[in-house]
Amino acid sequence: MPDKNLAPVCGLYCGTCEYLGSRCPGCVAAMGKPFWTAMMEIDVCPLHDCCASRKQLEHCGLCDEFPCKIFLELSDPAMTDKEAEESLLARKNTLRRRKEVGTEKWLGEII
């Protein structure tokens with residue numbers, strides 16, 4: 001069975017992250033406090049806080065406000081503008097697919 005701890009609210013897949021295991025257990029397992037929150041000097045990922053903590057949703061794609069301002073504006077500062085735009089589009093598509101088929105089936109499709 002695929003590990004849902006590797007399917008965070010934002011549409012990424014933690015299973016391909018170079019920090020998984022060594023610096024981070026995955027966004028879901030870290031309860032929205034992955035390795036990068038300390039570097040950005042924030043307590044918790046804003047997407048996780050909004051989606052999982054406040055709205056009690058499995059992922060952003062299930063939200064009536066998707067894609068919201070938080071989702072559209074949060075990006076990896078190490079990415080170029082083009083990379084960030086491509087990542088945003090990919091995450092939107094991923095979350096639409098997860099909403100359509102469910103997270104477990106989606107994980108089975110990608111791994």
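A cavity is a set of points, on a 1 Å grid over the protein atoms alone, where a 1.4 Å probe fits but cannot get out, and lining residues have an atom within 4 Å of a point.

This is a predicted model: local features need pLDDT of at least 70, side-chain atom pairs count only at pLDDT 80 or more, and totals for chains, interfaces and linings use all residues. Residues are numbered from 1 along each chain as its sequence is written, and side-chain values use heavy atoms, with hydrogens and water left out.

View 1. The largest cavity has a volume of about 90 Å³. Volume here is the space filled by probe spheres set on the grid points, which are joined across faces, edges and corners. Leu47, Cys50, Cys51, Lys55, Cys60, Cys63, Glu65, Phe66, Cys68, Ile70 and Phe71 form the lining. By class, 9 of these are nonpolar, none is polar and 2 are charged. (Ala, Val, Leu, Ile, Met, Phe, Trp, Tyr, Cys and Pro count as nonpolar; Asp, Glu, Lys and Arg as charged; the others, Gly among them, as polar.) Helix 2 gives the largest share, 3 residues. Helices are DSSP runs (H or I, at least four residues), numbered from the N terminus.

**View 2. A salt bridge between lysine 55 and glutamate 65.** Their side chains meet at 3.2 Å, N to O. (A salt bridge puts a side-chain nitrogen of Lys or Arg within 4 Å of a carboxyl oxygen of Asp or Glu.) Both residues lie in the loop between helix 2 and helix 3, so the pair ties together parts that are 10 residues apart in sequence. The whole structure has 6 salt bridges.

**View 3. The largest pocket.** A pocket is an open set of points with protein on both sides within 12 Å along at least five of seven lines. The largest pocket holds about 820 Å³ of space. Its lining has 32 residues; Cys10, Leu12, Phe35, Trp36 and Asp76 are the closest to its centre. The lining divides into 23 nonpolar, 6 polar and 3 charged residues. Helix 4 supplies the largest share, 4 residues.

**View 4. Helix 4 against helix 5.** The two helices pack at about 125°, with their axes 7 Å apart. They are therefore oblique to each other. Thr94, Arg97, Arg98 and Val101 of helix 4 make the contact with Thr103, Lys105, Trp106 and Glu109 of helix 5. Contact means heavy atoms within 4.5 Å. Axes are lines fitted to C-alpha atoms over the stretch in contact, and angles run from 0 to 180 degrees between N-to-C directions. Under 35 degrees is roughly parallel, over 145 roughly antiparallel, 65 to 115 roughly perpendicular and the rest oblique.
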